[in-house]
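Have a look at the model first, then read on.

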Amino acid sequence: MEAGGQRRGVLSWWVALGFSVTLSCVDHVSAQIKYSIPEEVKIGSVVGNVAKDLGLDISSLNERQFRIVSGTDDAQFNVNQNNGVLYVHGNIDREKLCEHISPCLINLKMVAESPMEIHYVAVEIIDVNDNSPNFQEEEKIIEISESTLPSKRFQLPSARDADVLTNTVRVYKINQNDHFTIQIRERGEDKIPFLMLQKSLDREKEDEIRLILTAVDGGNPSRSGSLNVTVVVLDSNDNHPTFSQEVYSVTIPENIDVDTSVITVNAIDLDEGLNGEVEYFFGSELDPILYDVFSMNKITGEIRIKGEIDFEKADVYKLDVHATDKGQPPMSTDCRVIIKVLDENDNKPKIEVTSLSKTVSESSKLGTAVSLISIADQDAGLNGKVICSLSEDVPFDLKPSFQDNMYSLVLKQHLDRESVSHYDVKITATDCGQPPLSTYKMISFDVADVNDNRPEFLNNPIELYLVENNVPGNPIVTVSASDKDLDENAALTYQIVRDERTHSKTVAFLNINSGNGQISSLKSFDFETLKTFQFQVVATDSGTPPLSNNVTVNVFILDQNDNAPVILYPLSSNGSAEGVEEIPRNVNAGHLVTKVRAYDADIGYNGWLLFSLLEVTDHSLFGLERYTGQIRTLRSFTETDEAEHKLVILVKDNGNVSLSATATVIVKLVEPKEAFAAADVKSTAKVDEEDNATFYLMITLGAVSLLFIISIIVLIAMQCSKSTEYTSKYLQETNYDGTLCHSIQYRSGDKRYMLVGPRMSIGSTIVPGSHANTLILPDRRRTSEEVRSIFNFN
């Protein structure tokens with residue numbers, strides 16, 4: 001509709017112009033008239049009044065058949081015979097009539113008859129801008145290398161416009177862009193557009209640029225036409241391959257299987273074709289060892305395991321990978337691949353022991369370091385964290401050092417070599433991996449001895465029972481002590497303590513072997529002179545400083561039957577054992593004639609006296625009591641009995657080899673009166689004799705009692721110093737009957753002994769084969785009776 005309106009405006013203008021045309025000349029025979037009209041005027045539009053312009057009579061035009069006889073093929077024009085007006089009879093399209101001819105003239109030949117006249121009329125078709133510029137192609141594709149330098153020009157197709165003159169193409173334009181501008185060059189009457197490169201192309205940023213080329217004619221209003229121009233940017237090898245990451249990092253476990261994929265690197269080359277095809281290689285600076293561990297797929301960039309992966313050899317691998325394209329010249333880039341190895345618990349801890357000494361003194365102070373322990377585990381993290389422990393029941397402890405996995409083996413308890421002389425210490429190291437791995441190591445220590453133990457005697461005190469009359473110079477006892485220490489600390493020497501305050505004279509006759517403790521006596525002991533004595537032996541070790549200990553030796557002299565009985569009564573004035581006893585003839589049976597009194601310095605069986613009649617004139621008259629020595633009448637005397645009787649009494653002891661003495665008693669029978677008078681005289685003499693005997697008897701009893709009291713005191717003191725299980729005491733036995741006899745009871749351990757005189761207590765038992773004066777009494781403290789023989793000592 002806009003185009004139609006434009007045509008109508010132009011047409012009206014040309015109609016007015018046509019009526020104003022002035023005929024330059026009129027020739028009745030031939031005339032030339034020129035009109036101008038715009039194309040595309042409306043049919044019926046008046047071009048001009050030809051008759052009037054030619055000077056023809058308008059009224060005769062019909063008669064003269066005024067008409068157009070030549071012109072365009074299709075009659076665009078016609079003449080009205082009534083008024084001579086030339087009008088548009090058909091559609092006038094200048095582009096069809098004249099195409100590119102300018103000016104566009106249509107010559108019309110007009111004839112009038114009677115008379116015949118020929119006239120020529122020229123109608124100029126004025127161009128109207130009714131055609132837009134037009135490109136023959138819908139799209140233009142131009143290939144330009146991205147390496148093309150700026151200012152390079154590329155010719156573009158020209159637009160065609162059927163219009164002419166000012167209505168034809170006058171200007172070319174392109175849309176706004178960063179790389180190209182339009183340049184127009186005139187070649188004759190044509191305007192040729194050129195695409196000029198202003199800025200270098202980058203195919204990797206923009207591989208195709210779409211432009212719109214617009215051709216604009218000079219009409220008013222102007223018309224335009226457009227062409228799609230596609231600039232294809234051709235690739236050149238101007239880009240390096242680019243890795244997706246400059247540094248790749250991956251973690252793999254150690255001991256990973258061979259041919260396992262580790263990582264795939266990827267490089268992108270923005271170029272095309274061979275310029276964009278990338279191959280991958282390890283860097284030439286790579287450690288040759290790594291070629292045996294990893295392999296690279298040069299096409300895909302995949303890295304695989306080729307050899308053994310051991311965290312303890314390398315915990316991280318750094319690989320340089322190069323990516324190279326196939327362009328000419330090739331371009332390359334590189335990246336770093338960091339492969340971290342994840343530790344697995346595949347290594348046991350290792351224990352290294354630095355022993356300061358193989359022996360530890362038992363006097364070492366607490367906290368003394370005896371060994372240095374170093375623990376190493378090649379694994380890392382928890383797999384390499386190690387916990388150490390010691391075997392139980394050892395007096396050592398692990399003290400950690402300021403440095404990791406370093407320990408000191410220190411003493412935590414006092415050592416006693418005598419209790420434990422050797423220690424095997426087991427050190428166990430266990431890591432914290434899953435599953436945990438452990439190892440152990442044994443350390444052996446010997447405890448070095450120090451002189452911290454005194455010599456010890458098995459028994460203290462030692463009770464020695466020594467038979468009197470021993471051979472001088474012979475050993476009487478051996479004392480032996482033990483020392484829990486070793487070597488020199490246990491080498492003992494023995495000495496007798498020479499204490500002047502106690503039995504200095506007796507101890508002076510004792511000699512001891514310092515090496516073995518054997519004691520010998522240089523003199524013979526006499527029981528009747530010395531019954532017991534005491535001395536001490538000291539045992540000293542050879543340590544530094546030396547330690548010593550004493551043992552008390554209580555010596556009990558055992559009696560031998562070395563004393564014969566001594567007759568105390570009867571005793572004559574000349575010292576012989578003979579006496580005269582006068583008794584009335586009228587005494588009854590059982591009358592005590594006399595009593596033979598005897599004494600034996602020995603004790604026990606050796607001093608136990610038995611009386612027997614060795615000789616008697618009449619066995620029916622007199623009897624002798626075996627144990628008391630009493631002589632009694634067995635019957636009454638008769639007239640026929642002799643007046644004098646001789647009795648020989650044998651007194652013997654009970655020793656193994658018994659000793660004896662004899663006494664003679666003369667018994668005279670007298671009449672009662674004579675016997676009474678004689679008894680008075682005799683009693684006076686007898687009193688004197690008995691006074692002398694009593695004096696000696698008191699001395700003897702006093703000496704025996706003194707020795708007995710001393711023995712009791714010594715034994716009580718010893719008993720107080722001994723345990724309840726070991727007792728030794730003397731008890732006076734009063735349950736006896738005899739002449740000047742005594743007994744001593746004593747206990748040693750679970751044995752009870754008694755040294756007795758002539759008369760034993762009821763219930764005692766004689767032990768055959770033992771010393772004759774020693775009895776073993778039943779021990780009422782025991783549930784069953786035991787009889788044991790006494791030990792014999794040298």
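This is a predicted model: local features need pLDDT of at least 70, side-chain atom pairs count only at pLDDT 80 or more; totals for chains, interfaces and linings use all residues.

Start with the backbone nitrogen of A51, which lies 3.3 Å from a polar atom of the N49 side chain. Residues are numbered from 1 along each chain as its sequence is written, and side-chain values use heavy atoms, with hydrogens and water left out.

N49 sits in strand β2 (residues 46-49). Strands (E, at least two residues) and helices (H or I, at least four) are DSSP runs, numbered from the N terminus. N49 has a relative accessibility of 16%, so it counts as buried; the scale is under 20% relative accessible area for buried, over 50% for exposed, and partly exposed in between (1.4 Å probe, protein chains only). Leaving out residues up to four places away in sequence, N49 touches Y35, N83, G84 and V85, where contact means heavy atoms within 4.5 Å.

## The chain as a whole

Zooming out, the chain has five helices and 53 strands. Of its 794 residues, 43% count as buried. Among contacts with a separation of 6 or more, 65% come from residues 24 or more positions apart.

## Nonpolar cores

The largest nonpolar core has 30 residues, and F294, V321 and V337 have the most contacts inside it. A core here is a set of buried Ala, Val, Leu, Ile, Met, Phe, Trp, Tyr and Cys residues joined through side-chain atoms within 4.5 Å. Which strands each supply at least two residues of this core? They are β16 (247-253), β17 (261-264), β19 (278-282), β20 (294-296), β21 (302-305), β22 (316-325) and β23 (332-342).

Take V321: beyond its neighbours within four places in sequence, V321 is in contact with a list of residues including F243, Y280, F282, M296, I303 and V337. C335 is also in contact with V321, and C335 is buried at 4% relative accessibility. Another core lies apart from the largest one, with 27 residues, among them V479, Y494, V551 and V553.

## Rings and charges

A search of the whole structure turns up 13 aromatic pairs. The rings of Phe, Tyr and Trp (its six-membered ring) pair if their centres lie within 6.5 Å; planes under 30 degrees apart count as stacked, over 60 as edge-to-face and the rest as tilted. F396 and Y423 have ring centres 5.8 Å apart and planes at 90°, so they are edge-to-face. This pair links distant parts of the chain, with F396 in β28 (residues 396-400) and Y423 in β30 (residues 422-431), 27 residues apart. F396 is buried at 2% relative accessible area, and Y423 is buried at 12%. F533 and F535, on the other hand, are stacked, at 6.1 Å centre to centre with 25° between the planes; both are buried. Ring pairs also link F243, Y248 and Y280 into a cluster.

K426 has its charged end over the ring of Y440, 4.5 Å from the centre, while R185 lies over the face of F194, 5.9 Å from the ring centre. The test is NZ of Lys or CZ of Arg within 6 Å of the ring centre and within 35 degrees of the ring normal.

## One disulfide

The structure holds one disulfide, defined as a pair of cysteine sulfur atoms within 2.5 Å. The bond joins C98 to C104, with S to S at 1.4 Å. The torsion about the S-S bond is about 65°, so the disulfide is right-handed. C98 is buried at 8% relative accessible area, and C104 is buried at 2%.

Most residues other than glycine have a negative phi, and most peptide bonds are trans. Here, a cis peptide bond joins N220 and P221, with omega about 0°; P221 is in the loop between β13 (208-217) and β14 (224-234). Another joins N460 and P461, with omega about 5°.

Q65 is not a glycine, yet has a positive phi of about 55°. Q65 is partly exposed, at 40% relative accessible area. D393 has a positive phi near 60°, and counts as exposed at 77% relative accessibility.

Note on methods. A polar contact is a pair of N or O atoms within 3.5 Å; within protein, one must be able to donate a hydrogen and the other to accept it, and residues adjacent in sequence count only if both atoms are side-chain atoms.
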